[in-house]
There are 2 protein chains.
Amino acid sequence: MRYGAIEAGGTKFVCGIGNEEGIIEDRISFPTEHPEQTMQKVIDYFADKNVTAIGIGSFGPINVDPSSPLYGYITTTPKPGWANYDVLGKLRESFNVPFGWDTDVNAAAFGEAKWGAAQGLDSCVYYTVGTGIGVGVYMEGRLVHGLVHPEGGHVMIRPASDDSFQGTCPYHGDCLEGMAAGPAIEQRWGVKGSELPVDHPTWDLEAYYLAQSISSTILMMSPKKIILGGGVMQQAHLFPLIHTHVQKILNGYIRTESLLENIHSYIVPPGLGTNSGLRGSLALGVEAKRNQQ
Amino acid sequence: MRYGAIEAGGTKFVCGIGNEEGIIEDRISFPTEHPEQTMQKVIDYFADKNVTAIGIGSFGPINVDPSSPLYGYITTTPKPGWANYDVLGKLRESFNVPFGWDTDVNAAAFGEAKWGAAQGLDSCVYYTVGTGIGVGVYMEGRLVHGLVHPEGGHVMIRPASDDSFQGTCPYHGDCLEGMAAGPAIEQRWGVKGSELPVDHPTWDLEAYYLAQSISSTILMMSPKKIILGGGVMQQAHLFPLIHTHVQKILNGYIRTESLLENIHSYIVPPGLGTNSGLRGSLALGVEAKRNQQ
């Protein structure tokens, strides 16, 4: 059986076809324009693919409450045309198959739990650190939604004592995203992070802020693996800095090997590289079919 | 059928008998001494009660991983005699019934979800704010354990700009527990919180620190209800202060009635009063019997 996967990002959409083992057999990618154009391209792509089910990991905020009449909608995004847009409804007009639907970051967490760095574990948290910061949460074998869905990028952090940067978040100023997402790095130094050398002070600061949120994640929900993806995390030298700061913050309070000698294999890059989102969306499709049976 | 419940606290143990509807029919309480004395009292209490199953909500840290040889143990507590003590093993010597076993705060969260303020919801987070600060997590219909179990009292917070108190936590100094648990209030002002008037500045500060952690909880895992119990929360005037600070911190970012006009019914006192722990332990016992069937 062939399954469809849609990684619905605010910048680009990636569509693909894959199997139950998580192997992507075909893919296409195009920029995110107005919903009419973009969704038509999605529909055209899947039209002759004869998929059994489709999984979608979407930018948001989205409605993931199956009991809500707005289930399947993107809700309050500032992105023109997409606010209160019924993504799932549009797809259902063309395809009579089961649909999986979740946030892009929950999809990525799910993909990593199925086939990636958290394979075989019943919990993990996936951070994407890029244009924004998003957090996907998989706990006790289930993706976490709750009241809305996690929005972990916006947690309050403690600014470093010598840091006077005000932050870029329009809602919170100096929350994690406002202090540590890509645009914060760029605004702080006047150049993109990718142009700064590995010994530039921004990286230790970046690691410190991410480590604060990661430490709180560990204390609040104790995931079995923490996975850090996204453009900023392409700077691989951030990982050891983050490991050091997390250990410093927790200060030995939680005594488990994963947080002590083995922290380098506890806070890790995605096992699926840059494909966590697409393969995670595929996993949502496979799961949707299974749940229907 | 009658079920046993044990609320195993670091200061006192409460044992009780109840039914499947969460009604406690009998109870006894005694101070926590060395394990030999305390566990003997527990065993004596249940000896003639003919219970179908027993649920235990315990102080910790404890091992809640059923695949571990140390499942059922209290692990690294400084409490004399209790470190690496096999609570469940001791009880199994005397009672051949199914056992439920979890942290005291997870038990309380479970009790509130079964019969209290979060009744009918599939997620809630329970904070106890007293001698220490503990956090129980119930998500997508399951108690969260993960790597160890949540230890949310120790999250890093941002000190208020005019607060120079160093905090009381031996591990982290000024983490949430170090700044906002009962002993922090007492050490900061030289008197117990219960002796301070409702217009004393400590309460706004207390609410600000709790609100930081609660806001992070909302952002990270989006629970459907947040319940605040424990000795410090007996100061009911803290609730509106906390509501105000949470709204100020989130600043309208998450647009849902529960966090806007209805926040007073979203962040609430325990529906079970001071019985969340005992009735939650009872619920763990009922669940253990169900899982066995």
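**Domains, core and symmetry**

Mentor: Chain A is divided into domain 1, made of 3-104 and 274-292, and domain 2, made of 117-269 (bounds from an automatic or database domain assignment). The model is predicted, so local features need pLDDT of at least 70 and side-chain atom pairs pLDDT 80 or more, while totals for chains, interfaces and linings use all residues. Residues are numbered from 1 along each chain as written, chains are lettered from A and ligands numbered from 1 in the order written, and side-chain values use heavy atoms, without hydrogens or water.

The C-alpha centres of the two domains of chain A are 26 Å apart. Contact between these domains (heavy atoms within 4.5 Å) involves eight residues of domain 1 and seven residues of domain 2. About 550 Å² is buried between them, and carbon and sulfur atoms give 60% of that (accessible area, 1.4 Å probe, lost by two parts on being put together, summed over both). On the domain 1 side, V64(A), D102(A) and T103(A) supply 53% of the area that this domain buries against domain 2 of chain A, more than any other three residues.

G136(A) lies in β9 of chain A (helices are DSSP runs of H or I with at least four residues, strands runs of E with at least two, numbered from the N terminus). With 0% relative accessibility, G136(A) counts as buried (under 20% relative accessible area; exposed is over 50%, partly exposed in between; 1.4 Å probe, protein chains only). Beyond its neighbours within four places in sequence, G136(A) contacts V105(A), N106(A), A109(A), C124(A), V125(A) and Y126(A). The C-alpha atom of G136(A) is separated by 27 Å from that of I43(A), 93 residues away along the chain.

E140(A) is buried, with a relative accessible area of 16%. In chain B, E140(B) is found in the loop between β9 (133-139) and β10, has a positive phi near 50°, and is buried at 16% relative accessible area.

P61(A) sits in the loop between β4 (53-58) and β5 (73-74) of chain A. Chain B has a cis peptide bond joining G60(B) and P61(B), also with omega about 5°, and P61(B) is in the loop between β4 and β5 of that chain.

The relation between the chains comes next. Chain A superposes on chain B by a rotation of 180° with 0.0 Å of shift along its axis, at RMSD 0.0 Å (least squares on C-alpha atoms of residues with pLDDT of at least 70 in both). The two copies are thus related as by a two-fold rotation axis. Among the residues of chain A, R158(A) comes closest to that axis, its C-alpha at 2.4 Å. Of the interface residues of chain A, 100% are also interface residues in chain B, so the copies meet through the same surface.

P150(B) is in the loop between β10 (142-143) and α4 (176-180) of chain B, and at 6% relative accessibility it counts as buried. Leaving out residues up to four places away in sequence, P150(B) touches L219(A), M220(A), M221(A) and S222(A) from chain A, and V135(B), V137(B), V144(B) and H145(B) from chain B. P150(B) and G134(B), 16 residues apart in sequence, are 8.3 Å apart between C-alpha atoms.

The nonpolar cores (buried Ala, Val, Leu, Ile, Met, Phe, Trp, Tyr and Cys joined through side-chain atoms within 4.5 Å) complete the picture. The largest has 94 residues, of which Y127(A), I214(A), I242(A), Y127(B), I214(B) and I242(B) touch the most other members. A second, separate core of 27 residues includes C15(B), Y85(B), L88(B) and W101(B). L88(B) is also one of the buried residues of α2 (residues 87-94) of chain B, with V87(B) and L91(B). These three cover an arc of only 90° around the axis, which puts them on the same side of α2(B) (taken over directions from the helix axis to the C-beta atoms). The buried residues of α2(B) pack against β1 (3-8), α1 (35-46), β4 (54-58), β5 (73-74), β6 (85-86) and β7 (99-103) of chain B.
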